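Hi everyone, thanks for coming. Let me put the structure up, and then I'll walk you through it.

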Amino acid sequence: MGNLAVVGLQWGDEGKGKLVDYLAGQFDAVARFNGGSNAGHTVVIGEKKHTFHLVPSGALKGKELLIGAGVALDPIILQEELFLLPDRVREKLLIDGRCSLVSPFDKELDIVLEKMRGDSAIGTTRRGIGPAYAMRALRLALRASDLLVEPNSSAPSQFYSQLGVDPKGFAAWVEESKRVVTGLVGDVGSRIVDIGRAGGSILFEASQGTLLDLLHGTYPFVTSSHTIVSYVPASLGIPPSEAGEPLGVMKCYTTRVGSGPFPTEIQDLTSDKIRSVGNEYGATTGRPRRVGWLDLVALRYAITLNGVKNIAVSKLDVLSEVKEFRACIAYRHMGSETRDFQRSLGHLHEVEPVYESPFSMQGAKYDEELPAQAKKLVEYLEVALGVRVSLISHGEERSRTIEL
Ligand code: IMP
Ligand code: MG
């Protein structure tokens, strides 16, 4: 088994966490490569629900857990998360020393910036992710390895004290963070190369989705890191040849949290139904997610961008409760139709979706076997998207997964 990279093909919350947990058994380690505690990856085993923000979703499978250099690490959130997990999880964790840290002051800045934007606020998770990556770009970030050397870099402290942050508060946060990461910091890139040399393999876990990518998503309504498969080697510090095959994950409808264009959004009884059946509330913020029909135009863009040949489709059970199924096959804008997402990016908020409604998924029941309606959906997606559907998820519990 080679390396595999699980990436989201929509605006996040595609069900990556569940899938990573499901697949982790076949790998030696699971590595997070982007984002930070803005992520909310849900894994359900029996009656128990776990939400991971920073710890890779392979934690419950006892795998080696790696947090790559490209992750924005909030040590306090990490501590809270580890506290809820068995001690052996901590023993399996390695954090790259190059990870930029997210401080409480980055979170304050996130809130101030959102307020400042007023009506054009991004709707961030307020986890300080944008400011932390901005600090990295300004060369003011404190990195995980800085916590382990004396004296710690004073540049971030000086920067924040100019903004009115109490230096004592900053120093206290540094001390606490140091306690959290001591014994966990190392070189993730070298570890991945070593695992590979010993014949092992790694599962790379993305957070957020392709359309939230800082460069290639619906800018400025995006996150501040890269969510696409090309970021795997850059973030982790490994050669591109080790980045593995991508596996795209998509829901059979669309959701988005936060602001920004969303051509297939619906706001009616059907979206209410999908939201309640699919429990479409942010795992990190609890916000109700915006809901819409499947968008094949956006999906084709995401598939091309990631070079995806295999996909996993999630939440099929939700459509069993809904009378209609719709898929957007083109966008209409100023009298003409296009299937080109890239060319629509500049006016995405003005396009009108062109739908087809090839069948209904209502009443489909999932046992071991795929019901006839789901087979139709699989065939439809394979033709429309030019990919192979290799996994189906029909419920949040780990066992509600069908391999095709
Ligand atoms: P930030 O990543 O907190 O800066 O938020 C920027 C945008 O990305 C907002 O629209 C968030 O709702 C969205 N976002 C960030 N993380 C996630 C996620 O894990 N799932 C879905 N949306 C996310
Ligand atoms: Mg999520």
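**Charges, fold and a metal site**

Let's begin with charge: the chain has 45 positive and 49 negative charges, and their mean positions are 0 Å apart. Lys and Arg count as positive, Asp and Glu as negative, with His and the chain ends not counted, and each charge is placed at NZ of Lys, CZ of Arg, CG of Asp or CD of Glu.

A quick word on ground rules. This is a predicted model, where local features need pLDDT of at least 70 and side-chain atom pairs pLDDT 80 or more, while totals for chains, interfaces and linings use all residues. Residues are numbered from 1 along each chain as written, chains are lettered from A and ligands numbered from 1 in written order, and side-chain values use heavy atoms, leaving out hydrogens and water.

Now the overall picture. The C-alpha atoms fill a box of roughly 65 × 50 × 40 Å along the principal axes. Of the 404 residues, 56% are buried, meaning under 20% relative accessible area with a 1.4 Å probe, protein chains only; over 50% is exposed, and in between is partly exposed.

So what holds the magnesium ion, ligand 2? Its protein donors (N, O and S atoms within 2.8 Å of the metal, or 3.2 Å for Na, K and Ca; water is not among the atoms, so sites may look incomplete) are Asp13 through OD and Gly40 through O, at 2.0 to 2.5 Å. Asp13 sits in the loop between strand S1 (4-8) and helix H1 (16-23), and Gly40 in the loop between strands S2 (29-32) and S3 (41-45), so the pair ties together parts 27 residues apart in sequence. Helices (H or I, at least four residues) and strands (E, at least two) are DSSP runs numbered from the N terminus. Asp13 is partly exposed at 22% relative accessibility, whereas Gly40 is buried at 16%.
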